[in-house]
Amino acid sequence: MASLPFELKGKTVYVAGHRGMVGSALVRRLAGENVKLLTATRDDADLRDQAAVNRWFAAKRPQVVFLAAAKVGGIVANNTLRAEFLYDNLAIATNVIHAAHVHGAEKLMFLGSSCIYPKLAPQPLREDSMLTGPLEPTNEPYAIAKIAGIKMVEAYRSQYGADFINVMPTNLYGRGDNYHPEYSHVVAALIRRFHEAKMSGASEVVVWGTGTPRREFLYVDDLADACIHLMKTYSGDGLVNIGTGEDITIAEFARVVAATVGYTGEIGFDTSRPDGTPRKLLDVSRLAKLGWRASTSLEEGIGLAYQAFLSETK
Ligand SMILES: NC(=O)c1ccc[n+]([C@@H]2O[C@H](COP(=O)([O-])OP(=O)(O)OC[C@H]3O[C@@H](n4cnc5c(N)ncnc54)[C@H](OP(=O)(O)O)[C@@H]3O)[C@@H](O)[C@H]2O)c1
């Protein structure tokens, strides 16, 4: 394994999923690191296709890999496209991690997600709570695929000495988010719905669920900064959570989004819709010990995300 700090400068760095919210933030952040950036579209290599992935790695031989490609979505997408979430994410993880090993990548970072932790694990969620209890059923296929990817990273470290690491981001938001009316995450969904209500003069916006679940939100450019920091400074078996360490109820969060968007009507709650996990807050003490903290406040981040929404949906 390479010694620390791990040097990125001058290396060929592959960001898998570069058109996604996380991948594009990584590309923005890497612009200041003097790397030779490699990207691939689905036409270049569908990451579910083992032969295509092998061909691409054999031709390009990236030295560093950020695995930020995945089939991702909110609660509805996760719960209805269960086969796709399992198949795509398993295939992407196995193909890319194995190809990185076979073709001699010096370092790889696998991005998991906070939903790999058990539904009722003690909060804040510590890295060692993975596999200590049942998962949230609505996103179990996605979580199982992500856990398989994490275990591959651990196994390739222990069997082959590969310098591969796992990071677990909390809920993200910001530039490049998906604003699909049904399949988006909560932040993008709320930005879109409050904006549309403001534009149409609607008197009420109804938010799914009771509004009582507590969630943590991290601005995606902060995530990218944390990933670069950990790529350079961390090498170990353990997962590293990436979050702000602070949570907020969905109801309070909805009020922040409404205020940012300039929506002044009522906010209602549709309690017939599922709430998901009651609380999801990451324990970020390991990350703090490794020398990184989030720097964008929720108000500032939502303001930036709303500006991005306005320009991306023009
Ligand atoms: N968003 C969050 O709140 C969040 C939270 C925690 C962890 N994460 C993790 O962060 C990573 C990235 O998430 P994201 O929010 O950036 O997702 P995203 O915006 O949906 O981007 C996913 C990227 O993966 C690519 N991709 C998906 N399937 C592919 C395939 N078969 N072949 C090639 N490329 C494929 C997509 O390509 P196209 O552009 O062609 O669609 C897209 O560029 C994921 O591992 C996710 O688990 C995200």
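Reader: Which side chains meet in a salt bridge with Lys119, and how should I read such a pair?

Author: In this predicted model, a salt bridge is read from the distance between a side-chain nitrogen of Lys or Arg and a carboxyl oxygen of Asp or Glu, which has to be within 4 Å. Here the side chains of Glu136 and Lys119 form such a pair, with N and O 3.3 Å apart.

Reader: Is Glu136 buried or exposed, and is Lys119 buried or partly exposed?

Author: Glu136 has a relative accessibility of 7% and therefore counts as buried, since the cut-off for that class is under 20%. Lys119, with a relative accessible area of 29%, is partly exposed.

Reader: Which parts of the chain does the salt bridge between Arg157 and Asp237 link?

Author: Arg157 and Asp237 meet through their side chains at 3.2 Å, N to O, and this pair joins helix α5, where Arg157 lies, to the loop between α7 and β10 (240-242), where Asp237 lies, across 80 residues of sequence. Arg157 is buried, at 7% relative accessible area, whereas Asp237 counts as exposed, at 54%.

Reader: Turning to the nonpolar side chains, which residues touch the most other members of the largest core?

Author: The general idea is that in soluble globular proteins nonpolar side chains tend to be buried together. In this structure the largest nonpolar core has 76 residues, and Phe66, Ile97 and Ile242 are the ones that touch the most other members. Helix α7 (residues 220-233) gives the most to this core, contributing eight residues. Apart from this core lies another, of 26 residues, which includes Phe194, Tyr219, Val257 and Phe309.

Reader: Which residues is Phe66 in contact with, leaving aside its neighbours within four places in sequence?

Author: With those neighbours set aside, the contacts of Phe66 include Val13, Tyr14, Val15 and Ala16, as well as Leu26, Leu30 and Met109, and they also take in Cys227, Ile228 and Met231.

Note on methods
Residues numbered from 1 in each chain as written. Predicted model: local features only at pLDDT ≥ 70, side-chain atom pairs only at ≥ 80, totals over all residues. Heavy atoms only, no water. Core = buried A, V, L, I, M, F, W, Y, C linked by side-chain atoms within 4.5 Å. Buried < 20%, exposed > 50% of the residue type's maximum accessible area, 1.4 Å probe, protein only. Helix = DSSP H or I, 4+ residues; strand = E, 2+ residues; numbered from the N terminus. Contact = heavy atoms within 4.5 Å.
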